[in-house]
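Dear colleague,

Please find below the sequence and the structure that I am handing over to you. A summary of what was found follows directly after them.

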Amino acid sequence: MKAICLHAINIDLVEGAEYEVVGIEGEDLRVIDDSGEDYLYGKSVFRIIPEETEPEQKDKKKP
């Protein structure tokens, strides 16, 4: 799952940057930040990017 940083609360986050979320623990997200390590951050620091659903195939043949 991915998330966009809304508030750069330390030097290892950049506002507007996209980060990998590797877990949810209570009210916190475990995020791999710019240090390359995973840390817990409050959910209010990020906006989760909705998972994309598989697009419908336009070339489906009708039975």
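**Findings**

Tyr-19 is buried, with a relative accessible area of 3%; buried stands for under 20%, exposed for over 50% and partly exposed for what lies in between, with a 1.4 Å probe and protein chains only. Before the details, please note that this is a predicted model, in which local features need pLDDT of at least 70 and side-chain atom pairs count only at pLDDT 80 or more, while totals for chains, interfaces and linings use all residues. Residues are numbered from 1 along each chain as its sequence is written, and side-chain values use heavy atoms, with hydrogens and water left out.

**The aromatic cluster**

Phe-46 is buried as well, at a relative accessible area of 5%, and Tyr-41 is buried with a value of 5%. The structure has 2 aromatic pairs; rings of Phe, Tyr and Trp (its six-membered ring) count as a pair if their centres lie within 6.5 Å, and the planes are called stacked under 30 degrees, edge-to-face over 60 and tilted for the rest. Tyr-19 and Phe-46 form an edge-to-face pair, because their ring centres are 6.1 Å apart and their planes stand at 80 degrees. This pair connects distant parts of the chain, with Tyr-19 in strand E2 (residues 18-25) and Phe-46 in strand E5 (residues 46-49), 27 residues apart. Tyr-41 and Phe-46 are also paired edge-to-face, at 5.8 Å from centre to centre and 65 degrees between the planes. Through these ring pairs, Tyr-19, Tyr-41 and Phe-46 are linked into a cluster.

**The sheet**

The chain has 0 helices and 5 strands, where helices (H or I, at least four residues) and strands (E, at least two) are DSSP runs numbered from the N terminus. An open sheet of 5 strands shows the order E4-E3-E2-E1-E5, with antiparallel pairing; two strands pair if DSSP finds at least two bridges between them. Strand E4 (38-42) and E5 stand at the edges with a single partner strand each, so one side of each has no neighbour in the sheet. Strand E1 (residues 2-5) pairs with E5 in the antiparallel sense over 4 bridges, and Ala-3 has Ile-48 in E5 as its bridge partner.

**Salt bridges**

There are 3 salt bridges in the structure, each defined as a side-chain nitrogen of Lys or Arg within 4 Å of a carboxyl oxygen of Asp or Glu. Glu-20 is joined to Lys-2, with the closest N and O atoms 3.1 Å apart. That pair links distant parts of the chain, since Glu-20 lies in strand E2 and Lys-2 in strand E1, 18 residues apart. Glu-20 is partly exposed at 29% relative accessibility, and Lys-2 is partly exposed at 35%.

Arg-30 takes part in a salt bridge with Glu-25 (2.7 Å, N to O) and in another with Asp-38 (2.9 Å, N to O).

**The chain as a whole**

Of the 63 residues in the chain, 19% are buried. Among contacts (heavy atoms within 4.5 Å) between residues at least 6 apart in sequence, 29% join residues at least 24 apart.

With kind regards
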